[in-house]
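Trainee: Please bring up the model, and let us go through it by question and answer.

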Amino acid sequence: MARTKAKVTMEDLLRTDNFDFSTVQVMNEEGQIVNEELLGDITDEDMVGFMEDMVWARELFERSTALNRQGRLGFYAPTSGQEASQLGTVLATTEEDFLLPGYRDVPQLIKHGLPLTKAFLWSKGHVEGNNYPEDFKAYPPQIIIGAQYVQTAGVALGIKKNNRQAVAMTWTGDGGTSQGDFYEGINFAGAYKAPAVFVVQNNGWAISTPRSKQTAAVTLAQKAVAAGIPGIQVDGMDILAVYAVTKAAREYAIAGNGPVLIETLCYRFGPHTLSGDDPKRYQPEGSQDEWRAKDPLIRMRKYLTDKGLWSQEKEDEIVEKTKEEIKAAIKEADQVPKQKVSEFLKNMYETPDYVTSEQIEYYEAKENK
């Protein structure tokens, strides 16, 4: 992990001429508060809520992995190790904010209000997994690396033109910062002072490409300098720091100051996806052990337990409740009628061309036999 930033104010962090990109931290690996100033108005009740959400997310990862191996889920990108980064950012938003997630960011969508059944249908590749209610402010997860950054710039400009008190928030990984869409998105939003919060979840790996091969830049947060917007690097295993920085960034953007780029330093404990890669083949031996000691759940568990606000019994209750929630959602997803070939073809175009129309007719005839 990069050098930890000395005590600093949010005003300092959000200056466009701030070129100190050392890591912002509120709670260290030992579960100790090291920066009371940035803790702000976060209460003990908030912290318990954060822990409950991280336990939920970890169990969602465990059960989703099992369901994938059973063949009941399709594409799945593991989230273990990124709970503080994902939840610390999304919990700083409101239902009026518009989310543009990547494929690893399904937990954020669920916390934003997406039914779990819809998330499972998306993983299964069912069209209903992309069919969101009209008043739900989010796009389905983007598969193209970095493309959501350009989309976010456009959504944020729309928010500004409509005079809405909201932001567009998006996420990508360290690999996404090498895409042209990354710079185009932050530059466009910066030029028009569009209210966007761009998050880079630097988990150390873009599939098997290490962060050290991604760029010669010392940090990814400093890439904000070229766009003339604030860039902040935060301990992505520290949900308090992530939440505090994201909340301040959101307020900064809503006030008309333009976008903010946040780099969260985290680690994915599993493979890139469950589609085949094996991290043991490319991650250095021992790197997992080093980062598992920084696990966001471990530090928060220790802090809350020491204050008498957490217990194993409470955690077990959340795990069991989450299992039941998942069991009900996957059962509902399994009962949704399977898609037909003719339906895939109908979904391709608003008005099918001649060839597609012929194919629809052909497959409907086969399906109706």
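Trainee: How far apart do the C-alpha centres of domain 1 and domain 2 lie?

Mentor: This is a predicted model, in which local features need pLDDT of at least 70 and side-chain atom pairs count only at pLDDT 80 or more, while totals for chains, interfaces and linings use all residues. Residues are numbered from 1 along each chain as its sequence is written, and side-chain values use heavy atoms, with hydrogens and water left out. The domain assignment, with bounds from an automatic or database source, gives domain 1 as 10-338 and domain 2 as 340-368. The distance between their C-alpha centres is 38 Å.

Trainee: Which residues does Leu-240 touch, not counting residues up to four places away in sequence?

Mentor: Contact means heavy atoms within 4.5 Å. Under that count, Leu-240 touches Val-26, Met-27, Ile-33, Leu-39, Ile-42, Met-47, Phe-50 and Met-300.

Trainee: What are the centre distance and plane angle of the aromatic pair Phe-50 and Tyr-243?

Mentor: Rings of Phe, Tyr and Trp (its six-membered ring) pair if their centres lie within 6.5 Å, and planes under 30 degrees apart count as stacked, over 60 as edge-to-face and the rest as tilted. The structure holds 12 aromatic pairs. Phe-50 and Tyr-243 form a tilted one, at 5.0 Å centre to centre and 50° between the planes.

Trainee: How many residues apart in the chain are Phe-50 and Tyr-243?

Mentor: Phe-50 is buried at a relative accessible area of 6%, and Tyr-243 is buried at 15%. Phe-50 lies in helix α3 (residues 44-69) and Tyr-243 in helix α10, so the pair links distant parts of the chain, 193 residues apart.

Trainee: Which helices does the pair of Tyr-149 and Phe-182 tie together?

Mentor: The pair is tilted, with 5.2 Å centre to centre and 40° between the planes. Both Tyr-149 and Phe-182 are buried. They are 33 residues apart in sequence, and the helices that hold them are α7 (residues 147-161) and α8 (residues 180-191).

Trainee: What covers the buried residues of α7?

Mentor: α7 has 15 residues and reaches 22 Å from its first C-alpha to its last, close to the 21 Å expected at 1.5 Å a residue, where the expected span is 1.5 Å times one less than the number of residues. Its buried residues include Tyr-149, Thr-152, Val-155 and Leu-157. The elements that cover them include β1 (98-100), β2 (168-173), α8, β3 (196-202) and β7 (260-265).

Trainee: Is Met-169 buried or exposed?

Mentor: Met-169 is found in strand β2. Residues it touches include Phe-98, Leu-100, Thr-152 and Val-199. At 0% relative accessibility, Met-169 counts as buried.

Trainee: Which ring does the charged end of Lys-111 sit over?

Mentor: A charge sits over a ring if NZ of Lys or CZ of Arg is within 6 Å of the ring centre and within 35 degrees of the ring normal. The charged end of Arg-292 sits over the ring of Phe-269, 4.3 Å from its centre. For Lys-111, the distance to the ring centre is 4.3 Å, and the ring belongs to Trp-56.

Trainee: What is phi of Lys-193 near?

Mentor: Lys-193 lies in the loop between α8 and β3 and is partly exposed, with a relative accessible area of 43%. Its phi is positive in a residue other than glycine, near 50°.

Notes
Helices (H or I, at least four residues) and strands (E, at least two) are DSSP runs, numbered from the N terminus. Buried means under 20% relative accessible area, exposed over 50%, partly exposed in between (1.4 Å probe, protein chains only).
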